[in-house]
Amino acid sequence: MTELIFEVREAPEGGFTAKALSASIHTEANTLDELKEQIRDAVKCHFDPGTEPKVLRLIIVREETIAA
């Protein structure tokens with residue numbers, strides 16, 4: 001695996017959550033910068049040394065509601 005994609009969302013209670021699309025990795029943090037570090041740490045824990053993906057891609061989903 002050369003790339004791992006994460007879906008990033010704002011958490012309703014504040015902060016952010018991230019979920020990998022093709023691996024069982026989930027993490028959360030208060031800021032986007034903290035979340036990036038949490039993602040790196042979670043990936044290191046999930047994969048054996050030397051087998052981790054080279055690229056971590058973040059797809060940031062922002063939900064917004066507007067009046068009709």
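Visitor: What order do the strands of the open sheet have, and what is their pairing?

Guide: Strands of a sheet pair through backbone hydrogen bonds, and they do so either parallel or antiparallel. In this predicted model, an open sheet of four strands runs in the order β3-β2-β1-β4, and its pairing is mixed. At the edges stand β3 (26–29) and β4, each of which pairs on one side only. Direction ignored, neighbouring strands of this sheet are turned by 25° against each other on average.

Visitor: In which sense do β1 and β2 pair, and over how many bridges?

Guide: Strand β1, residues 3–10, and strand β2, residues 16–20, are paired in the antiparallel sense over five bridges. To follow this pairing in the structure, one can look at R9, which stands opposite T17 in β2.

Visitor: Which strands does α1 touch where it packs on the sheet?

Guide: Helix α1 touches β1, β2, β3 and β4 as it packs on the sheet, and its direction makes about 150° with that of β3.

Visitor: How much space lies in the largest pocket, and which residues line it?

Guide: Rolling a probe the size of a water molecule over the atoms shows where empty space is left. Here the largest pocket holds about 190 Å³ of space, and its lining consists of K36, I39, R40, V43, K44, E52, P53, K54, L56 and L58. The elements that give two or more residues to this lining are α1 (32–46) and β4 (55–61), and α1 gives the most, with five residues.

Note on methods. Residues numbered from 1 in each chain as written. Predicted model: local features only at pLDDT ≥ 70, side-chain atom pairs only at ≥ 80, totals over all residues. Heavy atoms only, no water. 1 Å grid on protein atoms, 1.4 Å probe; cavity = no way out; pocket = protein on both sides within 12 Å on 5 of 7 lines; lining within 4 Å. Points joined across faces, edges and corners; volume = space filled by probe spheres on them. Pairing = 2+ DSSP bridges. Axes fitted to C-alpha atoms, helices over the stretch in contact; angles between N-to-C directions. Contact = heavy atoms within 4.5 Å.
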